Amino acid sequence: MAKMQFQRDQVLEQSANLFWRVGYNATSMQQVFKHTGLKPGSVYLAFGNKEALFKESLSHYAEVSKAGITKSLDAAESVELGICEILDGMVSQSAATDYCSCFLVKSQLELSDEPNLQSFVSEQLQQIEQLYAGYLQTKYGEQDAKAKACCIMLHIFGIRVYSYHQGSELAMRQALRTGLAWLPWHGLSH
């Protein structure tokens, strides 16, 4: 049996990048082999099949995203200001010439005809929403925190999709300030 000799996290990041840019349905295993530099036997031995590799890549991406949110919110002066900084950062990212939304959001939209995979993606997004709700519960009651976290996720989805409109940074910043007026936007430099 072949011995797996690769950095699993690196392969997951490379695979996530491929699925993210090309999409689950359009990504072939041949592309995975080429993109990761692995031989077919190594990929199949380590991950089983395309769906399992996709799920593990998406989970890895979600874990990295949650770690980034946690780091940002822990370092912020307040949870609310940390949320403002995260959302403002997403708007700034959208101005990049090679902008490609968010792997989770893109997958949620792409996989509407794949209920099992879409459910898996939804679970990852729910974990992120729960993370925001948990931080908000330090200041708000449970129901209010959940409602505010849901509102944040709605705005994140909006940012990630609306960002494909060229030159939309200013409009998105204004919309965030209107839609999430309870956040301390005055604490940001924009």
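Modeller: Happy to! The buried residues of H5 pack against H4, helix H7 (115-136), helix H8 (142-162) and helix H9 (169-179), where contact means heavy atoms within 4.5 Å. Helices here are DSSP runs (H or I, at least four residues), numbered from the N terminus. This is a predicted model, in which local features need pLDDT of at least 70 and side-chain atom pairs count only at pLDDT 80 or more, while totals for chains, interfaces and linings use all residues. Residues are numbered from 1 along each chain as its sequence is written, and side-chain values use heavy atoms, with hydrogens and water left out.

Of the 15 residues in H5, 11 are buried, so the helix is mostly covered; buried means under 20% relative accessible area, exposed over 50%, and partly exposed in between (1.4 Å probe, protein chains only). Among the buried residues of H5 are Val79, Leu81, Ile83, Ile86, Leu87, Met90 and Val91, and the list also includes Glu80 and Asp88. The geometry of H5 (residues 79-93) agrees with expectation: at 1.5 Å a residue its 15 residues should span 21 Å, and its end C-alpha atoms are 21 Å apart. That expected span is 1.5 Å times one less than the number of residues.

Gln93 also belongs to H5, but Gln93 is partly exposed, with a relative accessible area of 44%. Leaving aside residues up to four places away in sequence, Gln93 touches Tyr99 and Arg160. Gln93 and Gln130 are 37 residues apart in sequence and 23 Å apart in space, C-alpha to C-alpha.

H4, one of the partners of H5, has contacts of its own to show you. A search of the whole structure finds nine aromatic pairs, meaning rings of Phe, Tyr and Trp (its six-membered ring) with centres within 6.5 Å; planes under 30 degrees apart count as stacked, over 60 as edge-to-face and the rest as tilted. One of them joins Phe54 and Phe103 edge-to-face, 5.8 Å centre to centre with 90° between the planes. This pair links distant parts of the chain, with Phe54 in helix H4 (residues 50-75) and Phe103 in helix H6 (residues 103-110), 49 residues apart.

Notes:
Helices (H or I, at least four residues) and strands (E, at least two) are DSSP runs, numbered from the N terminus.
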